[in-house]
Amino acid sequence: MHHILKHIIILIILTAGCALSGNAQAISKLKREKPDMEQIKRETMDHTSPYYYPRLMKEFERNDTAMKIDKYRRLYLGYVFQEDYDPYRSSERSLNYAATLAKAKKLTRQECDSVIVYAEAALADNPFNLGEMVMLINALRGKGKTNLANIWQYKLNYLLMAIVSTGTGEDEENAWYVIEPQHEYVLLNMMNLSVADHVFYDPAFEYITVKDSGGNDAGGYYFNIGPLLEQYYLKHPDEL
């Protein structure tokens, strides 16, 4: 578990800058706990709850930095119970996030403008398109819009923390929960790991083997996509 924390703490320090360095301390104290999805459903649907979903989304959209991991867990995981949730919504482009990050410093200002326009539109359609969030942050930094980039970085950090808080990823019992398949790749890429292979195990687990930055085998991580599949098939029973 400690090597996982080390990967993510280094990521935050390198990408977030001084304004968000406090997130590294939050990561080091992050509690790992398998989510009770039924409880999250009750909390996010109860209009008297501090975790009532419309209220959480408003806080998220107004860039409220008072939101911490308890709210981000409900915001992220509770999205599966929202009417517009669709984990397999189509995207007009397929992104290699590792390659994008490597190229980010070479983007021209005009390219940054194009990335910002597209990413903002994609995030308006899907607020948890983490790949586009990565693109947006790097393009904003390329344009010198540091404060706005830091706000989005704060959001990305806490969404990744919400995933990591669901387990260790080391086995099925402690698998990380994700609400979209692409989030598996974004998380691993942001840990400076590249995907080597991807295997599905019944009833709802995915195991991804990875390589480190030197191209060496670096084991693998388990992801739980049970809530994702359950909600998807409720909306698309013909695909069962």
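Two strands count as paired if DSSP finds at least two bridges between them. Helices (H or I, at least four residues) and strands (E, at least two) are DSSP runs, numbered from the N terminus. Now, the ground rules. This is a predicted model, where local features need pLDDT of at least 70, side-chain atom pairs count only at pLDDT 80 or more, and totals for chains, interfaces and linings use all residues. Residues are numbered from 1 along each chain as its sequence is written, and side-chain values use heavy atoms, with hydrogens and water left out.

Strands first. β2 (residues 194-201) pairs with β3 in the antiparallel sense, over seven bridges. A hairpin of three residues links β2 to β3. F200 sits opposite E206 of β3.

On to β4 (residues 217-224). β3 pairs with β4 over six bridges, again in the antiparallel sense. F205 has N224 of β4 as its bridge partner. Five residues lie between β3 and β4 in their hairpin, and G215 in the turn has a positive phi of about 85 degrees.

How enclosed is β3 (residues 205-211)? Buried means under 20% relative accessible area, exposed over 50%, partly exposed in between (1.4 Å probe, protein chains only). Five of the seven residues of β3 are buried, so the rest of the structure largely encloses this strand.

Look at K143. This residue is in the loop between α8 (130-142) and α9 (146-164). Is K143 buried or exposed? K143 is buried, with a relative accessible area of 18%. Leaving out residues up to four places away in sequence, K143 touches R109, C112, D113 and I116.

Last, the core. A nonpolar core is a set of buried Ala, Val, Leu, Ile, Met, Phe, Trp, Tyr and Cys residues joined through side-chain atoms within 4.5 Å. The largest one has 60 residues, and Y72, L75, F128 and L159 have the most contacts inside it. α9 gives the most to this core, with 11 residues. Beyond four places away in sequence, F128 touches residues including Y53, L75, L159 and H183.

How values were computed. Contact means heavy atoms within 4.5 Å.
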